[in-house]
Amino acid sequence: MQTVNLGIVAHVDAGKTSLTERLLHATGVIDRLGSVDAGTTRTDTGEIERRRGITIRSAVAALPVRDRQVNLLDTPGHSDFVAEVERALGVLDAAVLVLSAVEGVQPHSRRLMRILRALRLPTLIFVNKIDRVGARADELVADVRRLLTPAVAPLGTVRAPGTPDALFRPDGPRYDDSAAHRLAEVLAEHDDELLAALVDDLPPDPDRLDAALREQVAAGRVHPLLFGSALSGAGVPELLDAVATLLPASPPAEPEPRARVFAIEREPTGERVAYLRSYGGQLRARQRVVAYRREPDGRITATRARITRLDVVGATTDHAAPALTAGHIARVVGLTGVRLGDQLGGPAGLDGRSFFPAPTLEAVVRPRDPARALALHAALLDLADADPFIRTRVAPAGGTSVLLYGEVQREVLAATLAEGYGIEATFGPARLMHVERPTGAGAAVEVIGHGFLGTVGFRVEPGSGVDYRLAVELGSLPPAFHRAIEEATRAALDQGRYGWPVTDIRITLTHSGYWSPITTAGHFRDLAPYVLMQALAEAGTRVFEPCRRFEAEVPADRLGPVTSYLGRLGARIDGTDEIPAGWRIGGVLPARLEPEAQQRLPDLSGGEGLWSSAPGGDRPVAGDPPRRPRTDGNPFDRVEYLRFLARPGSRP
């Protein structure tokens, strides 16, 4: 039986989880439809998900579709939980992008479609809620072509949209002349034979159309579009037909064993469960494995573990000890220390790509009971394994700072700490994350015997990312000492001269030395950040603030006032495009100014303005840069202590 790992992705409230429930019901997996509002759906199993009515963690359910097993991944729709979506996208064979026939193309829908197209992931578009008042059909197709992709192929039409009797009428099974011609026009963009037939005014051959459609869908060039309603079931049989006939199955097994961790959760018993998708080889219970991870700085690290339990999704109970094989997904227990995105079997394929930007908000979390500060920090470290974007660090006065995408994630994190770990916590005000970049070159060195039990020298200069190099012989220090210097240096870059993370820097180790057997790796962990800070101070750094790339749609007669206001606010206007409803203004502005722009837009546009935005890089801060509070125990805070130790007679 073929396997298809199919992701359901959408902007929040497009009806994604309700559609998943309808598909499970239509294929006989469940005998009663659950409800998002009632908290009874199959895939939203967490108490917080049921209470809030949103998907927070990716969930997997298997369903039979003709001769295929489809592993359905219901992913979060809220942009605060993009880490879950990103890891799910990496293990999919195909996707269904769900849109609302009422709300239409929304900001997160556009972001998702850009990523799906960049991945060339075979994608169906399902327009949900055709039975709701205000539902649109032809107008929405035009919006999809304008805002998502022109390579969309509607596979039918809607009867009585916006009413309880709304139905989807599919084209075919052998297309009428009008439908065949419309489909051929879309496919001819990538098919010379169909293009020649259109030029010669020849009727398209239905078999040729079917073959071209399957081929172009599999290549991610064309996206079939269907309409329906998860509530009434309209269009769902046609969607299942498209899954069975148009989407490609999982590719053949790779020659070497490989499996990717794409989700982590905790069961009520406290057991840690990792979800793995296999690309080759076999995994079984009680097997010892090595998990590989690409760190943010590009290094690949390895963790050894032993599988204690393995449950293959969709496996029948007649196999006493199922094995995870290529194309399938399993729930695995026993992988202690494994994080989201880790890979079992080997490091090949760990490219470290990220399609979503890192969070731009930082907040300090503190326990209501000060005695639970260490427990809080441990809990947040555990949660960071399931969401690496959280990025915890120790903060002053018993707090822990975390990176966040928004308010909803903060509320969910607080509820998770209370219900999953028994820790009542408070969150301080969120602040925007900035970064520092070196503005010049600098160097520093500390020599052994002058209050230090090691020699370290660095040269720093502008670079790309974090580029660590050696200008000393590799054998000048034991490998453990080299590792200690590099690890401490990379960790110290979390806080630059103004407290912000330092990036786009090249660091070269220029001097090294030690006394045997007195010097230890710990001495280098203390010394390296101190020397780095001196070199960075000589080089100088500049602070950059995050920006948002925005699009504002306004009526034709409001173009002038809106662009004038945005210019005064500090936005950079990149261009304006005329659209049927007026004008679309595109540009970039600092993220700190976006709330003000969103608040003023309704007044400036007569209540008809639309605003959408996405991360837009960063730009230098004008004037005095903001400072980020330093953490307790940060390596840079040890500078004065190390200076004291360096004074003659300061050591016992």
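Where is Arg 286 found? Hi everyone, let's start there. Arg 286 sits in the loop between strand 11 (272-280) and strand 12 (288-294). Helices here (H or I, at least four residues) and strands (E, at least two) are DSSP runs, numbered from the N terminus.

A quick word on what we are looking at. This is a predicted model, where local features need pLDDT of at least 70 and side-chain atom pairs count only at pLDDT 80 or more, while totals for chains, interfaces and linings use all residues. Residues are numbered from 1 along each chain as its sequence is written, and side-chain values use heavy atoms, with hydrogens and water left out.

Back to our arginine. Arg 286 is not a glycine, yet its phi is positive, about 70°. With a relative accessibility of 59%, Arg 286 counts as exposed. For burial, the cut-offs are under 20% relative accessible area for buried, over 50% for exposed, and partly exposed in between, with a 1.4 Å probe and protein chains only.

Asp 201 is another residue other than glycine with a positive phi, near 60°. You will find Asp 201 in the loop between helix 7 (192-199) and helix 8. Asp 201 counts as exposed, at 67% relative accessibility.

Now the overall picture. The chain has 16 helices and 30 strands. Of its 652 residues, 52% are buried. Contact means heavy atoms within 4.5 Å. Among contacts with a separation of 6 or more, 74% are between residues 24 or more positions apart.

Let's move to helix packing. Two packed helices are described by the angle between their axes and the distance between the axes. The axes are lines fitted to C-alpha atoms, for helices over the stretch in contact, and the angles run from 0 to 180 degrees between N-to-C directions.

The cut-offs are under 35 degrees for roughly parallel, over 145 for roughly antiparallel, 65 to 115 for roughly perpendicular, and oblique for the rest. Helix 6 passes helix 8 in a left-handed crossing; left-handed means that the near helix is turned anticlockwise from the far one by less than a right angle, and right-handed means clockwise.

Which residues make this contact? Helix 6 brings Ala 180, Leu 183, Ala 184 and Leu 187, and helix 8 brings Leu 209, Ala 212, Leu 213 and Gln 216. By class, that is 7 nonpolar, 1 polar and no charged residues. Here Ala, Val, Leu, Ile, Met, Phe, Trp, Tyr, Cys and Pro count as nonpolar, Asp, Glu, Lys and Arg as charged, and the others, Gly among them, as polar. An α-helix has 3.6 residues a turn, so residues three or four places apart point the same way.

Staying with helix 8, its 13 residues reach 18 Å from first C-alpha to last, close to the 18 Å expected at 1.5 Å a residue. That expected span is 1.5 Å times one less than the number of residues. The buried residues of helix 8 are Leu 209, Asp 210, Ala 212, Leu 213, Gln 216 and Val 217, and what covers them includes helix 6, helix 7 and strand 9 (223-227). After helix 8 comes Gly 220, with a positive phi near 75°.

The second pair is helix 10 (residues 373-386) and helix 11 (residues 407-421), which pack at about 110° with axes 11 Å apart. That makes helix 10 roughly perpendicular to helix 11. The crossing of helix 10 past helix 11 is right-handed. Leu 376, Ala 379, Leu 380, Asp 382 and Leu 383 of helix 10 meet Leu 413, Thr 416, Leu 417 and Tyr 421 of helix 11. These divide into 7 nonpolar, 1 polar and 1 charged.

Helix 10 is mostly covered, with 10 of its 14 residues buried. Among those buried residues are His 377, Asp 382 and Asp 385.

Ile 423 is buried, at 2% relative accessible area. Beyond its neighbours within four places in sequence, its contacts include Leu 376, Ala 379 and Leu 417.

One last stop: the peptide bond from Ser 516 to Pro 517 is cis, with omega near 5°. Pro 517 lies in the loop between strand 26 (505-514) and helix 13 (521-539).
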